[in-house]
Each structure stands twice: as C-alpha cells, then as structure tokens.
Amino acid sequence: MPFFDTLPGRPQPLPGIPATHEVLGTPLQGPWPEGTEVITVAMGCFWGAERIFWQLPGVVATAAGYQGGTTPNPTYEEVCSGRTGHAEAVLVAYDPSGTDPEQLLKAFWENHDPTTRNRQGNDVGTQYRSAVYWTTPQQEAAARATAEAFGEVLARAGHGPVVTELRPAEEAGPFYPAEAYHQQYLHKNPGGYCNHGPNGYTCPVGLLRQDEVPAQQDVLPPR
C-alpha cells in the first residue's frame, strides 16, 4: 500500500517490547515449540482483538502490532497518522494440533464488521481496516472459504459485501510488534477501551462444498 508521503521509520525495533506474554507466559515473539504456526489478523483496535485470541484453545501466543504497510518499525502515533500504510494487527501463534485456521477465523469474522472499509465503529482510518495475512496454504484456503461463507451469511441478512484485505504475510510485509503498553492491554487495564464483541452472525466452518464431498461407497452410515 504505497504512500507518496510515507514516513521513513527506523531500522531498529521499538525499545522495551516485553519478551513474555503477560497472560500466557509464553514468548511474545518466539521461539515457540516446533510446529507452531502463525497467522495475522486485523479487525480494528488491536486491544480488544488481541484479548479475543489469547483466550482461544490452542493459541500459544499473541502480540499486538502493525502489518501491511511500508514504514519499518513504526510507532503507534505514526501508524495513526495514516502515513505508514499499516493496519493495527494481532499476530496469533497457535498449535495446529489444538486448533486450526478455520476456528481462529471463525472468531475473527464473528467479532468485527468486515463490511466497513477502514473503519470499526467510531474508529476511522486505514489502520482500522479488516485484514487476514496468512503464512500457510491451509490458512489461505481457510481465509478465502470463510470469507465467502460469511459473506453469504451477511448478504442474506441484507448487509454489504466483505471488504477484508486477504493477502499472504510475505506480500503484506513484516509484522512489527507494538509498544510495550499495547501488549495484552486489556489484561493490564481491564476497564480499558474495547469495541469488539459478537456481531450477531455465525460464520459456518467445517463444511464441504458438494463437489468436495467424497463419493459414497456404502449405503450404510459410518459407525
């Protein structure tokens, strides 16, 4: 997402970012156990979004940060200026034996409005856009399938199309962890601002299209 007046940023990471997740007690930025997979989601202010994901089964760690822009190692103020191109994002590291991309994305779709471009409620700006940045083919397939399925649910209810940005993380660019006070913010500030919660619709997951259903080999149902 190029900007003619993109801010230059800085070559070094922001100082003081904690090494350990305040809630889960796991490494905030890794290394994580072998086999851990990572996906990044953006759904408005990252405070409430991060809390949704650290509570889910199978999640190893979460981190609030910035992704999808061009400014290296941006600050919160720089991202909020709209001149870095980043979205406020949440990195989710998870154990694929304990959860899967569909379940994580179900929580993503059901807890924000993916039909508003660059906006969640009163939070307006490119940093509040809806996005999914995947790192595996399975995540990509799940992102595209769940976006289509949830879009159909919303369309039947009379809502506009899904405008969520769907991109590989490699294309979106590096994930830059946010400043220390943003990490697990709502754990440290239980009464803090949060504009996330169930949007009233259910994202269907775990369903196969008819052309993907295996051919029936027996007239009797499996035991």
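This is a predicted model: local features need pLDDT of at least 70, side-chain atom pairs count only at pLDDT 80 or more; totals for chains, interfaces and linings use all residues.
Two strands count as paired when DSSP finds at least two bridges between them.

Strands of a sheet pair through backbone hydrogen bonds, either parallel or antiparallel. Here the pairing is mixed, and six strands form an open sheet in the order β7-β6-β1-β3-β2-β8. Because β7 (165-168) and β8 each have a single partner strand, they stand at the edges, and one side of each is left without a neighbour in the sheet.

| Helix | Strands touched | Direction |
|---|---|---|
| α1 (residues 46-54) | β1, β2 and β3 | about 160 degrees with that of β2 |
| α3 (residues 101-110) | β1, β2, β3 and β6 (130-134) | about 15 degrees with that of β1 |

In soluble globular proteins, nonpolar side chains tend to be buried together. The largest nonpolar core of this model has 36 residues, of which Phe46, Phe53, Leu105 and Phe108 touch the most other members. Helix α4 (residues 137-156) supplies the largest share of this core, namely six residues. Apart from this core lies another, of 17 residues, which includes Leu28, Ala61, Ala63 and Phe175.

Which residues does Phe53 contact, once its neighbours within four places in sequence are left aside? Phe53 is in contact with Val41, Met43, Val59, Thr62, Val92, Leu104, Ala107 and Phe108, with those neighbours left aside.

**Backbone features to look for**

Asn73, in the loop between β2 (59-67) and α2 (76-80), has phi near 50 degrees, which is a positive value in a residue other than glycine. Is Asn73 buried or exposed? Its relative accessible area is 11%, and because buried means under 20%, Asn73 counts as buried.

Gln184, found in the loop between β8 (176-177) and α6 (185-188), likewise has a positive phi, near 50 degrees, in a residue other than glycine. With a relative accessibility of 1%, Gln184 also counts as buried.

How values were computed: Residues are numbered from 1 along each chain as its sequence is written. Side-chain values use heavy atoms; hydrogens and water are left out. A nonpolar core is a set of buried Ala, Val, Leu, Ile, Met, Phe, Trp, Tyr and Cys residues joined through side-chain atoms within 4.5 Å. Buried means under 20% relative accessible area, exposed over 50%, partly exposed in between (1.4 Å probe, protein chains only). Helices (H or I, at least four residues) and strands (E, at least two) are DSSP runs, numbered from the N terminus. Contact means heavy atoms within 4.5 Å. Axes are lines fitted to C-alpha atoms, for helices over the stretch in contact, and angles run from 0 to 180 degrees between N-to-C directions.
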